[in-house]
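Please walk me through this protein and its ligands.

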Amino acid sequence: AGPCDIYSSGGTPCVAAHSTTRALYSAYTGPLYQVKRGSDGATTTISPLSSGVANAAAQDSFCAGTTCLITIIYDQSGRGNHLTQAPPGGFNGPESNGYDNLASAIGAPVTLNGQKAYGVFISPGTGYRNNAASGTAKGDAAEGMYAVLDGTHYNGACCFDYGNAETSSRDTGNGHMEAIYYGDSTVWGTGSGNGPWIMADLENGLFSGSAVHNNAGDPSISYRFVTAAVKGQPNQWAIRGGNSASGSLSTFYNGARPSASGYNPMSKEGAIILGIGGDNSNGAQGTFYEGVMTSGYPSDATENSVQANIVAAKYAVTSLTSGPALTTGSSVSLRATTACCTTRYITHSGSTVNTQVVSSSSATALKQQASWTVRAGLGNSGCFSFESKDTPGSYIRHNNFVLLLNANDGSKQFAEDATFCPQAGLNGQGSSLRAWGYPTRYFRHYDNVLYVASNGGVHTFDATGSFNDDVSFVISASFA
Ligand code: AHR
Ligand code: AHR
């Protein structure tokens, strides 16, 4: 059985079922998601193998030598409640016409029972939505939902959500949402410790219980794979959570609606969001693997069976990198491969990261500027950071998508901005260095300055022309 078979048996059927990793009904053989590739704009759908796990190999072959975005996350419930690129609302997204960004198809690799699959890696600016969903709860009607998330990928911005939101993409008032939130925002509610927490986004508030602010019963939770569940019915709701890889769910809150006006009764509107707030607030980050929304208030017993099903799916981590191996502690230089520039290497001039012509006869200072010590990724040890040879303690990081050489300030933001995941070079040479936190973006030289660029986008440096060449670098032993 799949999670939605279990919800059906419990009398609270799925009305939306989304996953890029697996079928959520044992009999589901339709599409899980659609990807679009950068080389020619073609799309393909990815479906489950006979095991129920997504056919990631089909994606890998379709996307070979180019970039791919997740364009549609299909609804497996049969109601057509698919998720697509979120439109502008109370806030604009960063894409043209105010749309949100789409997720990279390769940002969140995992295995299920040993078979590779990809989750949905939501960077700030990324979001999916369906403002015309059918069958989802409206008004004060009962519903439940769960999601499997990456408990190590979060931030404090509004709002990494999955669930029920406004059909207008605008904040229409308290009680107009009921969605799972995951992160360490302290703007509204908090639980115990420093977060991250599972909370409920009920609009104009992230709630951890009945009190408007802190509820000590809602613990910080950061397993690598987190099961998060929220459910609501007239004047009652609950937050539950646990480790998706083992054990059972705990109840973090179960009781009355929040003690503020507008939340009892609720005024749910029935749209579905992923990765954003109800008003298209899009500063949050997180990773989504699977999730559903139900009709009716699921019993704890039903949810416990769903958790057992998730554990049995055996989510596990897998490598974030490919291509030529990098060795931590080694010193490297990185040579451009675009025809214009094959004698140019990644260097720095002060805090600017650029390319310059470097050779064995260059001055020592320039050789040092072209030399980088490979470190374990400051933000994720499965990837790497690049420390300046001549300015120890300073690392290549991106800021507003421009690469800079900055001193490590010890912050989580810096660590994440300084973490890059090598993969086989997109033009077939060397390596391409993907920004861990923005996996649509790669080290790119553009007019001899380094950026993290996407293959198409609103910035000049996102130009599609010569993208594959500009993002491919041959990494060798350093000059200095
Ligand atoms: O409730 C928190 C957030 O407040 C909602 O997601 C958003 O619509 C509003 O800005
Ligand atoms: O480079 C993109 C983002 O810009 C970085 O993550 C952040 O530091 C800055 O806001």
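**The surroundings of ligand 2**

Ligand 2 is surrounded by Arg 397, His 398, Asn 399, Asn 400, Phe 401, Gln 413, Asp 417 and Tyr 438. Keep in mind that this is a predicted model. Where do these neighbours come from? Strand β26 (394-399) and helix α5 (412-417) each supply at least two residues of the shell. The largest share, 3 residues, comes from β26. By class, the shell around ligand 2 holds 2 nonpolar, 4 polar and 2 charged residues.

An oxygen atom of ligand 2 lies 2.5 Å from an N or O atom in the side chain of Asp 417. The backbone takes part too. A backbone N or O atom of Phe 401 is 2.8 Å from an oxygen atom of ligand 2. For Asn 400, a backbone N or O atom is 2.9 Å from an oxygen atom of the ligand. How much of ligand 2 does the protein bury? Taken alone, ligand 2 exposes 280 Å², and the protein buries 80% of that.

**The surroundings of ligand 1**

Move on to ligand 1. It is surrounded by 13 residues, and the closest are Asp 201, Glu 203, Asn 204, Gly 205 and Asp 279. The shell around ligand 1 divides into 4 nonpolar, 5 polar and 4 charged residues.

Two side chains come first. An N or O atom in the side chain of Asp 201 is 2.6 Å from an oxygen atom of ligand 1. For the side chain of Glu 203, the distance from an N or O atom to a ligand 1 oxygen is 2.8 Å. Gly 205 uses its backbone instead: one of its polar backbone atoms lies 2.8 Å from an oxygen atom of ligand 1. Taken alone, ligand 1 exposes 280 Å², of which the protein buries 94%.

Asn 204 is found in the loop between β13 and β14. Its relative accessible area is 34%, so it counts as partly exposed. Its phi is near 55°, a positive value in a residue other than glycine. Most residues other than glycine have a negative phi.

**A strand with two partners**

Next, find strand β15 (residues 225-233). Is this strand largely enclosed or largely open? Of its 9 residues, 8 are buried, so β15 is largely enclosed by the rest of the structure. Strand β10 (residues 143-150) runs antiparallel to β15, and 8 bridges join the two. Here Ala 147 has Ala 228 of β15 as its bridge partner.

Strand β16 (residues 236-243) also pairs with β15 in the antiparallel sense, over 8 bridges. In this pairing Val 230 stands opposite Ile 239 of β16. The hairpin of β15 and β16 has 2 residues between the strands. In that hairpin, Asn 235 takes a positive phi near 45°.

The loop between β14 (206-207) and β15 holds Ala 216. Is Ala 216 buried or exposed? With a relative accessible area of 57%, Ala 216 is exposed. Its C-alpha atom is separated by 24 Å from that of Pro 234, which is 18 residues apart from it along the chain.

**A buried glutamine**

Now turn to Gln 59, in helix α2 (residues 56-62). Why does Gln 59 count as buried? Its relative accessibility is 0%, and buried means under 20%. Leaving out residues up to four places away in sequence, Gln 59 touches Tyr 33, Val 35, Ile 46, Ala 105, Ile 106 and Tyr 118. With Tyr 33 there is also a polar contact of 2.6 Å between the side chains.

**Backbone details in loops**

Finish with the backbone. Most peptide bonds are trans. The bond from Gly 195 to Pro 196 is cis, with omega near 0°. Pro 196 is found in the loop between β12 (178-183) and β13 (197-201). The peptide bond from Asn 264 to Pro 265 is also cis, with omega near 0°. Pro 265 has its place in the loop between β17 (250-255) and β18 (271-274).

Ser 466 has a positive phi of about 55°, although it is not a glycine. At 38% relative accessibility, Ser 466 counts as partly exposed.

Methods:
Residues numbered from 1 in each chain as written. Chains lettered and ligands numbered in written order. Predicted model: local features only at pLDDT ≥ 70, side-chain atom pairs only at ≥ 80, totals over all residues. Heavy atoms only, no water. Helix = DSSP H or I, 4+ residues; strand = E, 2+ residues; numbered from the N terminus. Buried < 20%, exposed > 50% of the residue type's maximum accessible area, 1.4 Å probe, protein only. Polar contact = N/O pair within 3.5 Å; in protein donor to acceptor, adjacent residues only side chain to side chain. Contact = heavy atoms within 4.5 Å. Pairing = 2+ DSSP bridges. Near = heavy atom within 4 Å. Areas by Shrake-Rupley, 256 points an atom, 1.4 Å probe, with all protein chains shown as cover. Nonpolar A, V, L, I, M, F, W, Y, C, P; charged D, E, K, R; others polar.
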